[in-house]
Amino acid sequence: MGNPIRYLDDYSNHQLAGLMSTSLSQLSPDQIRARFSAAMSAMYRDEVPAYGTLLSLVADVNGEVLARDAGLAADLAATDQLQRISEERHGAIRLGTAAELATMRRLFAVMGMYPVGYYDLSEAGVPVHSTAFRPVGEAALRHNPFRVFTSLLRLDLIADPMLRAKAAEILARRTIFTPACLGLIGKAEAEGGLSEPDAERFVAEATKTFRWHPDALVSAELYHRLHGAHRLVADVVSFKGPHINHLTPRTLDIDAVQQRMPAAGITPKAVIEGPPRRNCPILLRQTSFKALQEAVTFPGETAVSGSHTARFGEIEARGIALTPKGRALYDRLLDEVRARIVPAADGSNAAEYVAVLEEVFTAFPDSWEDIRAEGLGYFEWSATGKPAIPGDAEALLAAGVLRCDPIVYEDFLPVSAAGIFQSNLGDSGIQEFVASPNQQMFEADLGAAVLDEFAHYAGIEAASLQVSLKALGRA
Ligand code: OOG
Ligand code: NI
């Protein structure tokens, strides 16, 4: 039975903005998202069995970390995050047209997922720009944090005008949503939600958009031309829909999972993307296993069989969300690393890369006190239950009346995302594009503005301080 109470997430202050009762039979967006996340995971496990292996590896390692590190287990429990970890994952899709992106926004909104952040990947040699659809409120994230990194192909970056026109024509003809799915999106919008049976149908219909189609839309000849322009162009244009290309569980020890992958029969990419291993994890660390070769049939007078590699598995470890100042320091240090050494796709300089990464990142403070004192990260304030003393927030913190916990980074990193894209292309797949961020164009195609991630985290921090002080009778 559905929960009759529907939790609304407030964009800016992560507070429970209000309780709105809906008709008894309606499911909340959070509940629909949780079902969708489970359905996608089941589908992907069927399609890509190595993903199932990865899930059990991650579950084992997370269990071991929690058993070993009572402090971490207690912190996660205190901030109500323990439960979400085992269910947590993100996925990624690549779309071909503005219309697909705009409808995708409406589809995700049914599940309480909103576009956060703008990522320009042209800068890193990938002809797409992206956002992440995700729940934004604390209650929603706790219920189920499923996110989908969503990219839109930039045909404008394809040099050959004939090929560009051909690709646009093919994309304009395909329909990636089932009629039933479109009907249910409309119904949810009109009625402010979906009944339990409708939600069940919606999840089944929406999931179909993301499944794998082994029968290509284009001839083998055209596939190879598209592939020649960029492998991602072929991946988007040649198929009937935006197959989910990876699903990523969250791990509490990414180094341990990376190390154990080979024994489980999975070959990881050469290096973990993002910051090095630290006492105080920052932002996001990610690694993946190589894309599979999958059998494809290309239509024609006589059908041709071939293969396509696109779908892979990934794991991630999340740390504190950084302020613009912290992020600038992170970006500067990463640039410094990359100016000295670029990780080779074949892993030949992996050890050297990790050594340089660790050395350069010693410049980033590695205690929560220093990170907070220097204004590098966002923290959530809460009252501990100890009786208040006179003094300001800092005094209350020092006396243990208030506590500060790092706010988890819920978003993505463009350089890491490009590294994940590239690891599946190989070094030979790397191509240069003129960097051309175009957030305005992206938002026009999306039909909405994306949420600014920094403003969002700053809002969470400010609201938590205000609520905590109020609980102590302070203004
Ligand atoms: C998306 C890659 C980005 C991540 O975790 O950074 C991503 C893609 O390959 O389509 O998922
Ligand atoms: Ni990913």
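Mentor: In this predicted model, an oxygen atom of ligand 1 is 2.6 Å from an N or O atom in the side chain of Q286. That's a polar contact, meaning a pair of N or O atoms within 3.5 Å. H90 has a side-chain N or O atom 3.0 Å from an oxygen atom of ligand 1, and for E314 the distance is 3.1 Å. The protein covers 100% of the 320 Å² of accessible area that ligand 1 has on its own (Shrake-Rupley method, 1.4 Å probe). Who else is around ligand 1, with a heavy atom within 4 Å? Among them are R94, F149, N245, H246 and F421. The space taken by ligand 1 is also the largest cavity, a cavity being a set of points, on a 1 Å grid over the protein atoms alone, where a 1.4 Å probe fits but cannot get out.

Some housekeeping: residues are numbered from 1 along each chain as its sequence is written, while chains are lettered from A and ligands numbered from 1 in the order in which they are written. Local features need pLDDT of at least 70, side-chain atom pairs count only at pLDDT 80 or more, totals for chains, interfaces and linings use all residues, and side-chain values use heavy atoms, leaving out hydrogens and water.

Methods
A residue is near a molecule or strand if one of its heavy atoms lies within 4 Å of it. A polar contact is a pair of N or O atoms within 3.5 Å; within protein, one must be able to donate a hydrogen and the other to accept it, and residues adjacent in sequence count only if both atoms are side-chain atoms. On a 1 Å grid over the protein atoms alone, a cavity is a set of points where a 1.4 Å probe fits but cannot get out, and a pocket is an open set with protein on both sides within 12 Å along at least five of seven lines; lining residues have an atom within 4 Å of a point. A molecule sits in a cavity or pocket if more than half of its atoms lie within 2 Å of its grid points.
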